[in-house]
Amino acid sequence: MIKTPTYHVFDLYKYHQDAELMDTYGDTKEHVDYTVSKKDERIAISICNHSLNSKETIDFNLPDYTFDNAEAWILSADKMDAHNTFEDPNAVSKKLFDDYSIKDKQISVTLPPMSIATILIKGA
């Protein structure tokens, strides 16, 4: 079986299943959608930049939460129609992501165009 990009998107969003939707204060951008939820003392932030050519930086404020550590993954491609095939089953695959910073109670994330990322934050 080839893991198509859709498989990886579901994998990135699995942290939101049976989780509590959180009220957050994130930037509003024309080409960016996001969701934030909490489950088992972890916060999951999933962000989609559907711009075809510009990266976007989004800041999230979580004033009622203390951060301990985080890990993140991204799904991105260089072309809009990129997809996995039998010849190239990893053309689009989930990779570790580190273009984010945490300071005090704010998280700043920079996403390349045509990408989806999930940041999983563990509370202290």
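# A guided look at a predicted chain

The model is predicted. The protein chain exposes about 7,600 Å², and carbon and sulfur atoms supply 48% of that area.

Visitor: How many helices and strands are in the protein chain, and in what pattern do they follow along the sequence?

Guide: The protein chain holds 1 helix and 10 strands.

Visitor: What share of the contacts with a separation of 6 or more joins residues 24 or more positions apart?

Guide: A contact here means heavy atoms within 4.5 Å. Among contacts in the protein chain with a separation of 6 or more, the share from residues 24 or more positions apart is 66%.

Visitor: How far apart do the centres of the positive and negative side chains lie?

Guide: The protein chain has 13 positive side chains and 21 negative ones.

Visitor: In what order do the 6 strands of the open sheet stand?

Guide: The pairing in this sheet is antiparallel. Strand 1 (20-21) and strand 7 (95-96) stand at the edges with a single partner strand each, so one side of each is left without a neighbour in the sheet. The order is 1-3-4-10-6-7.

Visitor: Is strand 4 largely enclosed or largely open, judging by how many of its residues are buried?

Guide: A residue counts as buried under 20% relative accessible area. In the protein chain, 38% of the 124 residues are buried. In strand 4 (residues 42-49), 7 of the 8 residues are buried, so this strand is largely enclosed by the rest of the structure.

Visitor: Which residue of strand 10 stands opposite Ile47?

Guide: Strand 4 runs antiparallel to strand 10 (residues 115-123), and 8 bridges join them. One of the pairings across these strands is Asn49 with Ser115. The residue opposite Ile47 is Ala117.

Visitor: Which residue in strand 4 does Asp33 stand opposite?

Guide: Strand 3 (residues 32-39) and strand 4 run antiparallel and are joined by 8 bridges. They form a hairpin with 2 residues between them. Asp33 stands opposite Cys48.

Visitor: What is phi of Asp40, and where is this residue found?

Guide: Asp40 is found in the loop between strand 3 and strand 4. Its relative accessible area is 61%, so Asp40 is exposed. Its phi is positive, although the residue is not a glycine. The value is near 50 degrees.

Visitor: Is Glu41 buried or exposed?

Guide: Glu41 also lies in the loop between strand 3 and strand 4. Its phi is positive, about 60 degrees, and Glu41 is not a glycine. A residue needs over 50% relative accessible area to count as exposed. With 52% relative accessibility, Glu41 is exposed.

Visitor: How many bridges join strand 6 to strand 10?

Guide: The two strands run antiparallel. One of the pairings has Ser76 opposite Ser115 in strand 10. The number of bridges joining strand 6 to strand 10 is 9.

Visitor: Which residue in strand 7 is the bridge partner of Ile74?

Guide: Strand 6 and strand 7 pair in the antiparallel sense over 2 bridges. The bridge partner of Ile74 in strand 7 is Lys95.

Visitor: Is Trp73 buried or exposed?

Guide: Trp73 is found in strand 6 (residues 67-76). Leaving out residues up to four places away in sequence, Trp73 touches several residues, including Leu12, Tyr15, Phe97 and Ala117. Its relative accessible area is 12%, so Trp73 is buried.

Visitor: What is the relative accessible area of Ser93?

Guide: Ser93 lies in the loop between strand 6 and strand 7. Not counting residues up to four places away in sequence, Ser93 touches His8, Ile74 and Leu75. Ser93 is buried, and its relative accessible area is 13%.

Technical notes:
Residues numbered from 1 in each chain as written. Predicted model: local features only at pLDDT ≥ 70, side-chain atom pairs only at ≥ 80, totals over all residues. Heavy atoms only, no water. Helix = DSSP H or I, 4+ residues; strand = E, 2+ residues; numbered from the N terminus. Buried < 20%, exposed > 50% of the residue type's maximum accessible area, 1.4 Å probe, protein only. Areas by Shrake-Rupley, 256 points an atom, 1.4 Å probe, with all protein chains shown as cover. Lys, Arg positive; Asp, Glu negative; His and termini not counted. Charge placed at Lys NZ, Arg CZ, Asp CG, Glu CD. Pairing = 2+ DSSP bridges.
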